[in-house]
Amino acid sequence: MIRARRIAIFYVAVVTALSVVFLMTPLVVTVIVSFANSTVFTLPPPDWSFRWYERMAARAGLIPSLLLSLQIAAISTAISLVAGTLCAIATVRGRFPGRDAIATFVVSPLMMPGLVVGVAMLQFLRELGLRDAYTSLLIAHIVITMPYVMRTVMASLSLFDFSLIDAARTLGCSYPRALRKVMVPVLAPAFLTSGLFAFLASLDNYPISIFFTDPRTKTLPIQMLQFLEEQPDPSIAAMSACLILLTIGVLFVGDRLVGLRRLADF
Amino acid sequence: MIAAIRRLDPLAWLAVPATAYLAFAFALPLGLLLIKSVWTADGFTLASYVKFFSDPFSWRVLTNTLKIAFLITLVTLFLGYPVAFALALSRGWLQVMLLVAMILPLSIGAVVKAFSWQIVLRRDGVVNRFLEWIGLIDEPVRFLFTETGLVLGAANIFLPFMVLPIYSVVRLIDPRLSEAAATLGAGPVYGFLRITAILSLPGVVAGIAFVFSLSISMYVIPSLLIGDRYQLLATLTGRSFLFLRNETLGATVAVILLIIAIAVVMVSSYLSNRLRPAR
């Protein structure tokens with residue numbers, strides 16, 4: 001019996017160690033290549049340098065697409081946080097027919113092939129006569145971000161004990177004050193987690209955005225893939241390394257605020 | 001009608017903005033795509049589907065897509081299931097490290113990761129160097145632009161989507177249940193199979209559904225790791241619209257992909273309802 005346990009633990013440890021190495025490999029490789037002083041991607045690099053960071057900063061089109069992506073991600077996440085939270089409250093607290101269907105429906109874009117959604121929206125918006133890339137991108141990215149907010153806030157609300165609000169009111173809190181003092185602190189982690197993942201999903205989206213870009217309006221992943229196809233040099237790795245650094249910073253802040261374990265709640 | 005609306009829970013109104021928005025911007029376009037694929041100027045027709053399915057190339061694309069998605073799901077399940085347990089059972093800094101290893105890759109874009117797999121899988125890349133170093137191969141093996149490379153890269157990118165749903169179920173399993181089983185004389189293997197494994201199934205179903213639907217719809221990863229000569233349903237859709245300008249073909253393939261994705265969602269939600277313990 002002890003032996004079976006030991007074998008199980010050994011097996012879990014080996015597979016986990018392998019998986020961690022497997023998951024970290026692309027990140028480590030990218031960072032190393034970005035500091036290499038060679039045009040080809042040789043590992044380990046013959047010499048170190050910052051030249052790819054300089055080249056990255058000089059590449060035309062990078063900064064505008066980064067700013068565009070951040071802007072679209074921020075606006076769509078904000079809108080989704082409001083509408084998604086309201087919808088989550090309605091489906092968890094409300095007593096009306098079809099709330100399970102609504103819950104499934106609002107989360108469903110997450111499971112649909114992005115490219116298909118993109119094609120459908122492209123044809124639809126074209127028929128409506130909307131040709132502005134920025135507006136189209138925004139409309140599409142709200143669809144991308146909404147399910148993340150809905151799913152996480154819904155899960156967190158369904159664990160929330162609503163009688164606490166009544167308790168607070170019995171103890172003399174007004175209703176808005178009871179909401180602010182009891183419900184908001186409980187929901188804050190879900191807000192932060194879902195907002196973070198919604199933001200990252202929007203920042204990373206390629207298959208939907210590709211249908212709504214024009215030569216002047218390109219989001220970051222599209223611009224990066226274009227760089228890769230036109231002239232693949234380690235300045236892409238430098239950009240990637242910057243994004244990795246940014247994400248580590250965001251995760252660090254997230255850990256301080258809500259704890260990593262909450263972030264892993266899927 | 002008005003009385004029915006009056007009787008409705010006022011909280012229902014809070015669901016209106018999100019639902020109405022998605023109905024308009026998401027469901028309506030998908031519905032129109034479906035309808036337009038069978039409804040042309042001449043009325044109802046399945047011609048585009050007949051044409052698609054009578055072409056052996058289409059069948060190859062379809063079977064490639066399903067095969068690759070199946071393989072990716074298998075690899076991630078094989079690796080992810082033990083990792084989910086390690087994550088649930090570990091404590092302290094070890095758990096923090098494992099969580100970072102799961103979440104950090106999750107938050108880095110597919111373009112960035114697919115690009116680094118291009119570097120890893122090259123002839124003189126890390127994988128080939130390592131295999132040569134441990135003496136498994138004598139000369140470099142081609143990984144880039146092969147199915148193996150694609151499955152390896154995609155499995156790497158989707159692994160957290162398998163681990164995290166299983167983890168969130170496993171960590172809620174009451175450890176006293178296994179102890180009770182052991183007290184009652186169940187061996188560890190029997191106890192695991194009859195209790196822990198069964199209780200973890202909802203997480204496994206969720207993970208498989210996630211990874212499978214991500215795998216059939218991936219676009220950036222195959223275009224960087226396997227190239228244009230190997231087509232999948234999603235890459236074929238993208239190519240038909242963006243390069244070939246063949247919108248009829250693109251719409252047909254898109255609808256087929258959509259139907260597979262909906263089937264995955266329906267099967268997985270049916271299974272997870274069946275598996276949910278009675279309360």
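Analyst: The expected span of a helix is 1.5 Å times one less than its number of residues. The structure discussed here is a predicted model.

User: How do you know that the length of helix α5 of chain A is close to the one expected?

Analyst: Helix α5(A) covers residues 114-128, 15 residues in total. From its first C-alpha to its last it reaches 21 Å, and the expected value is also 21 Å.

User: What makes α5(A) largely enclosed by the rest of the structure?

Analyst: A residue is buried when its relative accessible area is under 20%. In α5(A), 12 of the 15 residues are buried, so the helix is largely enclosed by the rest of the structure. Among them are A:G114, A:V117, A:M121 and A:F124.

User: Which helices do the buried residues of α5(A) pack against?

Analyst: In chain A they pack against α6 (133-158). In chain B they pack against α2 (16-38), α10 (188-217), α12 (233-242) and α13 (247-275). α5(A) is followed by A:G129, whose phi is positive, near 90°.

User: How does the span of helix α8 of chain B agree with its number of residues?

Analyst: Helix α8(B), residues 147-170, has 24 residues and should span 34 Å; its end C-alpha atoms are 32 Å apart, which agrees. The helix has a kink of about 45° at B:F158, shortly before the proline B:P160. α8(B) is mostly covered, with 20 of its 24 residues buried.

User: How many aromatic pairs does a search of the whole structure find?

Analyst: The search finds 15 aromatic pairs over all chains. One of them joins A:F160 and A:F162, with 4.9 Å centre to centre and 80° between the planes. Ring centres must lie within 6.5 Å to pair, and planes over 60 degrees apart count as edge-to-face, which is why this pair has that name. A:F160 has a relative accessible area of 8% and is buried. A:F162 is buried as well, at 12%.

User: Why is the pair of B:F52 and B:F53 called edge-to-face?

Analyst: The ring planes of B:F52 and B:F53 are 85° apart, and the centres are 5.1 Å apart. The angle is over 60 degrees and the distance is within 6.5 Å, so the name applies.

User: Why is A:R93 said to sit over the ring of A:F162?

Analyst: The charged end of A:R93 is 4.1 Å from the ring centre of A:F162. The limit for this distance is 6 Å, and the charge must also be within 35 degrees of the ring normal. A:R59 likewise lies over the face of A:F227, at 4.3 Å from the ring centre.

User: Is A:S194 buried or exposed?

Analyst: A:S194 has 1% relative accessibility; this is under 20%, so A:S194 counts as buried. The residue is found in helix α8 (residues 175-204) of chain A. Beyond its neighbours within four places in sequence, A:S194 is in contact with A:L81, A:Y148, A:V149, A:T152 and A:V153. Its side chain also reaches the backbone oxygen of A:A190 at 2.8 Å.

User: How many helices and strands does chain A have?

Analyst: Chain A has 11 helices and 0 strands. Of its 266 residues, 55% count as buried.

Conventions:
Residues are numbered from 1 along each chain as its sequence is written. Chains are lettered from A and ligands numbered from 1 in the order in which they are written. This is a predicted model: local features need pLDDT of at least 70, side-chain atom pairs count only at pLDDT 80 or more; totals for chains, interfaces and linings use all residues. Side-chain values use heavy atoms; hydrogens and water are left out. Rings of Phe, Tyr and Trp (its six-membered ring) pair if their centres lie within 6.5 Å; planes under 30 degrees apart count as stacked, over 60 as edge-to-face and the rest as tilted. Buried means under 20% relative accessible area, exposed over 50%, partly exposed in between (1.4 Å probe, protein chains only). Helices (H or I, at least four residues) and strands (E, at least two) are DSSP runs, numbered from the N terminus. A polar contact is a pair of N or O atoms within 3.5 Å; within protein, one must be able to donate a hydrogen and the other to accept it, and residues adjacent in sequence count only if both atoms are side-chain atoms. Contact means heavy atoms within 4.5 Å. The bend at a residue is the angle between axes fitted to the seven residues ending there and the seven starting there.
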